[in-house]
Amino acid sequence: DSLDSPKFLPFNDLNSGTHATSNENFHFGMKMDFNFVQPKDGQVVHNGDTSDMVFTFNGDDDVWVFIDDVLVLDIGGTHQSITGTINFATGEVKVYYPDGQTVSKATTIYEAYQQAGYTSEQLNNIFTPTSNGNYIFKDYSNHTFDYFYFERGAGGSNCQMKFNIQTVPDGVIQVGKEITQAVEPGFSDAK
């Protein structure tokens, strides 16, 4: 079988890099989970460059992303390759059809929490408004991230993830302080 069609096959060996050595296993799943901290304004800095903190998935079949046990990205079902993004700086969650232009689903992280039954008071404790009218996680707040992927289409298999989320390893204690108003003038530039 040629690799001209998409084949993410983690349980198959390839012969000469072009053919599966046995029947292709298109039925498998994987899970990834970690803790993370929302950076200031949802922006990450890498090598001096600032960019939005974003999680992107492109592939087929089932993908679900839960943040704090709330379903935020839902690309469930057997389907052709689709792209889903979560932008932590804008709060936007989008799912794109294969043409790359048409948004099939558009929502926000905030709306996902509303749909999960969070009260206005709970939402006010978790989110802060942005200049674009959306809501994002409060700066330096802690969250959990759970990703589930299942391949079950038995034809082609795609799986690509890209993210710049700054994870917090288990067993790590984080301590931070932000001075917003200095009582003494000598402390106004304290870090």
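Tutor: Let's begin with strand S7 (residues 62–67) and strand S14 (residues 142–151), which pair in the antiparallel sense over six bridges. Strands here are DSSP runs of E with at least two residues, helices are runs of H or I with at least four, and both are numbered from the N terminus. Strands count as paired if DSSP finds at least two bridges between them. Before going further: this is a predicted model, where local features need pLDDT of at least 70 and side-chain atom pairs count only at pLDDT 80 or more, while totals for chains, interfaces and linings use all residues. Residues are numbered from 1 along each chain as its sequence is written, and side-chain values use heavy atoms, with hydrogens and water left out.

Trp64 stands opposite Phe148 in S14. S7 also runs antiparallel to strand S8 (residues 70–74), joined by four bridges, and there Val65 stands opposite Leu73. Two residues sit between the strands of that S7–S8 hairpin, in which Asp68 takes a positive phi near 55 degrees.

Leaving out residues up to four places away in sequence, Phe145 touches Met32, Asp33, Phe34, Phe36, Phe55, Val65, Phe66, Ile67, Phe88 and Ile165; a contact means heavy atoms within 4.5 Å. Phe145 is also one of the four residues, with Phe55, Phe88 and Tyr113, that touch the most other members of the largest nonpolar core, which has 30 residues. Helix H1 (residues 109–115) gives the most to this core, with four residues. Such a core is a set of buried Ala, Val, Leu, Ile, Met, Phe, Trp, Tyr and Cys residues joined through side-chain atoms within 4.5 Å. Buried means under 20% relative accessible area, exposed means over 50%, and partly exposed is in between (1.4 Å probe, protein chains only). In soluble globular proteins, nonpolar side chains tend to be buried together.

Rings of Phe, Tyr and Trp (its six-membered ring) pair if their centres lie within 6.5 Å; planes under 30 degrees apart are stacked, over 60 edge-to-face, and the rest tilted. That rule gives 17 aromatic pairs. Phe34 and Phe163 make a stacked one, 5.9 Å centre to centre with 15 degrees between the planes. Phe34 lies in strand S3 (residues 28–37) and Phe163 in strand S15 (residues 159–163), so the pair ties together parts 129 residues apart in sequence. Phe34 is buried at 13% relative accessible area, whereas Phe163 is partly exposed at 34%. Next come Phe36 and Phe88: their ring centres are 5.4 Å apart with the planes at 70 degrees, so this pair is edge-to-face. Again distant parts of the chain are linked, as Phe36 is in S3 and Phe88 in the loop between strand S9 (82–87) and strand S10 (92–96), 52 residues apart. Phe36 is buried, with a relative accessible area of 1%, and Phe88 is buried too, also with 1%.

The side chains of Asp146 and Lys31 meet in a salt bridge (3.2 Å, N to O), that is, a side-chain nitrogen of Lys or Arg within 4 Å of a carboxyl oxygen of Asp or Glu. This one links S3, where Lys31 sits, to Asp146 in S14, 115 residues apart. Asp146 is buried at 14%, while Lys31 is partly exposed at 46%. Four salt bridges turn up in a search of the whole structure. Another is between Asp139 and Lys40, with the closest N and O atoms 3.6 Å apart. Asp139 is in the loop between strand S13 (135–137) and S14, and Lys40 in the loop between S3 and strand S4 (43–46), 99 residues apart.

One last stop is Met161, back in S15. Setting aside residues up to four places away in sequence, Met161 touches Met32, Phe55, Thr56, Phe57 and Tyr147. At 30% relative accessibility, Met161 counts as partly exposed.
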